[in-house]
Structure formats: C-alpha cells, structure tokens
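Biologist: Before we use any label for this molecule, I would like to go through the terms one at a time and hear what each of them rests on.

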Amino acid sequence: MTDAAPNRSPEQNNVPGLPLRNLAGFTHRWVDAEGIRLHAVEGGRSSGPTVVLLAGFPQTWWAWHKAMPRLAERFHVIAVDLPGQGHSDRPQGGYDTHTAASRVQAALTALNVPKYWLVAHDIGACVAFSLALRYPDRLHGVALLDAGIPGITLPDAIPTDPERAWKTWHLAFHLVPELPETLITGRERDYVGWFLRVKTLSPNTFDSADIDHYAAAIAAGGGLRASLAYFRDAAESARKNQDTLARRGHLTIPVLGISSSHGSIPDMAAAISPWAENVTGVVIPQAGHFIPDEQPDATVDALTAFIDHTRAG
C-alpha cells in the first residue's frame with residue numbers, strides 16, 4: 001500500500017501543532033481522496049478481513065487505540081481520520097456526511113481495500129451511515145456506536161429538561177455563526193475536556209495526554225472550523241440521507257447498533273431499524289458516550305461476534 005507522498009516523512013505530512021501519536025504494530029498512511037489527503041493508521045493481519053474505524057467529535061483516530069491491538073489479532077485494521085479531523089486535510093467545505101463518505105471511500109480505494117467491515121462512533125457513525133447508503137457493495141456490514149445520525153437518529157428538538165439537555169445542548173450551540181469560534185478559541189482544552197469528562201461514566205477515562213491531543217487537534221489550523229462544520233452541515237446531511245433512502249430503499253447490509261448504559265442514544269438498533277432491513281443491537285454496560293475508550297474489550301467482543309455471526313450466514 002502506498003502513501004500519497006512516499007518520499008515525505010510522517011513529520012512532513014503532519015498537521016502543524018499536532019504531534020503524531022504512534023501505536024505499536026501500526027503504520028501511518030496518507031492517501032489522496034478526491035483532491036484532499038486523508039490520514040489512516042494501518043496494522044493487524046494483512047490476510048484477515050478488513051475492519052475500518054471512524055471516530056467522532058472531538059476525537060481523532062486515537063479514539064480506537066485501546067481496541068485496535070485486540071482487533072489486530074484477527075483483522076486487518078485501518079483507522080481513518082475524517083476530513084478535517086486529526087492529521088487529515090481540513091478543506092474549506094464538504095462536511096455534509098455524503099461528501100465526507102465519498103472521500104473516505106476514495107481513501108480506502110487508494111489503499112486497495114475492495115470490501116470491508118465499517119465501525120464508527122458519533123460523527124464517524126453519521127458518515128458511516130451515509131457511506132453505507134452510497135456504497136453498500138463495498139461493505140460486508142456496518143456497526144454504528146451511539147450517534148445522532150442526521151435524518152435518522154438525530155432528535156428533531158433539543159430537550160430543555162436539565163436531566164437530558166446536557167447531552168445534546170451543543171448541537172444547537174455549534175450551529176450559531178461565529179459565537180462558538182469566539183468562545184472556544186484559546187480555550188480548546190477546557191471545551192474538549194468538558195465532553196471527555198462529563199460524557200463518560202468514569203471521569204478518569206481520559207488522561208491528561210489524551211485531552212491534550214484532542215484539544216491540539218481542534219486548535220490546529222482549521223480544526224475548530226472543520227469540527228463545527230459537520231454540525232452546521234447536518235441539515236444537508238439529513239436531506240441527502242432521506243433522498244437516498246427514497247431512491248434506493250432501506251439499507252440491506254447487516255447493521256449493528258451499539259448503545260451503552262449511560263450514552264446518548266438509548267437503543268441504536270431500534271432507532272436505525274425503520275431504515276434498515278437487517279439490524280441487531282447490543283448495549284455495552286458501564287459506559288457513557290465514549291464506548292471504545294470506556295469499554296474497549298466489550299466493544300471488541302461485540303464487533304467480533306457481529307462479524308463472526310454475519311460471516312457464518
């Protein structure tokens with residue numbers, strides 16, 4: 001598999017201000033994807049089935065670092081930074097989930113991946129749902145973790161009950177022009193740290209280095225703009241999801257909805273089932289929103305069972 005710039009070092013491919021984080025047994029890749037470069041981290045069994053991982057807000061591919069070593073024991077694993085995320089390029093536009101999905105698929109084509117299992121959390125799951133709609137022939141199946149998918153599982157209204165509002169208040173805040181940038185710039189660590197502490201069942205899930213990494217990813221050039229753009233393009237994402245479903249009908253590939261005991265979407269499988277024909281679900285205990293970080297072994301067990309069951313027919 002080839003990099004977009006094989007004669008350049010990882011440092012030269014790097015986003016200024018965002019140090020690379022390495023994971024034993026995995027290699028950094030940069031590939032062309034419809035005019036931008038996407039960053040991927042690859043490892044595991046090259047002869048095994050391919051599992052592709054996508055992360056959400058406010059994370060990067062590092063969201064999967066606790067699960068990747070175990071997945072690599074059986075699978076060919078590729079964690080991809082979405083457009084605008086981590087060490088991928090931060091284009092000015094194209095953050096609706098269908099455009100992002102097209103770019104992710106272009107990256108996987110460049111990495112010579114013909115067909116794969118797609119596993120995604122939060123914003124990554126929003127992109128994954130749109131990718132499954134557009135490229136079902138490229139997927140064996142898709143697992144979606146605790147995500148408000150535009151037009152599918154995203155609530156139509158933000159609750160005002162304080163017991164629930166803290167989970168979704170930011171969906172409206174991120175839509176306000178200029179104000180989030182004004183309030184967050186220079187305080188990225190405070191902002192990111194709030195999500196990582198409050199939306200986990202255990203506030204000690206993320207250590208200081210993790211918070212530093214995710215804050216740096218948002219603070220690095222274009223990172224905040226790109227992060228907010230996924231929320232600001234949500235209405236377009238919802239429209240494209242609904243239009244595609246109207247044209248093509250329901251998803252027919254196997255779908256696994258993964259919820260958690262203390263997450264944002266209580267039952268992902270039930271929320272997705274009106275739009276897909278083959279949906280199963282699992283609830284991971286003792287976890288909040290950041291399931292792969294909070295319960296990596298249970299996450300890997302659920303994914304492995306889903307893949308094994310689907311492959312067995």
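Predicted model: local features only at pLDDT ≥ 70, side-chain atom pairs only at ≥ 80, totals over all residues.

Biologist: Why are helix α3 and helix α4 called roughly perpendicular to each other?

Modeller: The axes of α3, residues 97–110, and α4, residues 123–134, cross at roughly 75° and come within 8 Å. Since angles of 65 to 115 degrees count as roughly perpendicular, α3 and α4 are therefore placed in that class.

Biologist: Which residues of α3 and α4 meet, and how do they divide by class?

Modeller: On the α3 side they are Thr 97, His 98, Thr 99, Ala 100, Ala 101, Ser 102, Val 104 and Gln 105, while α4 contributes Cys 126, Val 127, Ser 130, Leu 131, Leu 133 and Arg 134. By class, this contact has seven nonpolar residues, six polar ones and one charged residue.

Biologist: What makes Arg 90 a buried residue?

Modeller: Its relative accessible area is 12%, and the cut-off for buried is under 20%, so Arg 90 is buried. Arg 90 sits in the loop between β4, residues 76–80, and α3.

Biologist: Which residues are in contact with Arg 90, leaving aside neighbours within four places in sequence?

Modeller: Among them are Val 15, Leu 18, Gly 84, Gln 85 and Tyr 95, and the list also includes Ala 217, Gly 222, Arg 225 and Ala 226. As for Glu 42, which is 48 residues apart from Arg 90 along the chain, the C-alpha atoms of the two are separated by 21 Å.

Biologist: Why is Thr 168 called buried?

Modeller: Thr 168 has a relative accessible area of 13%, which is to be set against the limit of under 20%, and Thr 168 is therefore buried. This residue is found in helix α5, and, not counting residues up to four places away in sequence, Thr 168 touches Ile 158 and Pro 159.

Biologist: Which residues of helix α7 are buried, and what covers them?

Modeller: In α7, residues 188–198, the buried ones are Glu 188, Tyr 191, Val 192, Gly 193, Phe 195 and Leu 196. Their cover includes α5, residues 162–173, α6, residues 179–184, and α8, residues 208–219.

Biologist: How many cavities of 30 Å³ or more are there, and what is the volume of the largest cavity?

Modeller: The count comes to one cavity of 30 Å³ or more, and the largest cavity has a volume of about 140 Å³. Its lining is made of 15 residues, with Phe 57, Gln 59, Gly 84, Gln 85 and Ser 227 nearest its centre. This lining divides into eight nonpolar, six polar and one charged residue, and α9 gives the most to it, with four residues.

Biologist: What is the volume of the largest pocket, and which residues lie nearest its centre?

Modeller: The largest pocket has a volume of about 730 Å³, and, of the 35 residues that line it, Gly 148, Leu 154, Pro 155, Thr 168 and Leu 171 lie nearest its centre. The elements that give two or more residues to this lining are α4, α5, α9 and α10, and the largest share, six residues, comes from α5. By class, the lining of the largest pocket has 22 nonpolar, seven polar and six charged residues.

Terms used
Residues numbered from 1 in each chain as written. Heavy atoms only, no water. Axes fitted to C-alpha atoms, helices over the stretch in contact; angles between N-to-C directions. Parallel < 35°, antiparallel > 145°, perpendicular 65-115°, else oblique. Contact = heavy atoms within 4.5 Å. Nonpolar A, V, L, I, M, F, W, Y, C, P; charged D, E, K, R; others polar. Buried < 20%, exposed > 50% of the residue type's maximum accessible area, 1.4 Å probe, protein only. 1 Å grid on protein atoms, 1.4 Å probe; cavity = no way out; pocket = protein on both sides within 12 Å on 5 of 7 lines; lining within 4 Å. Points joined across faces, edges and corners; volume = space filled by probe spheres on them.
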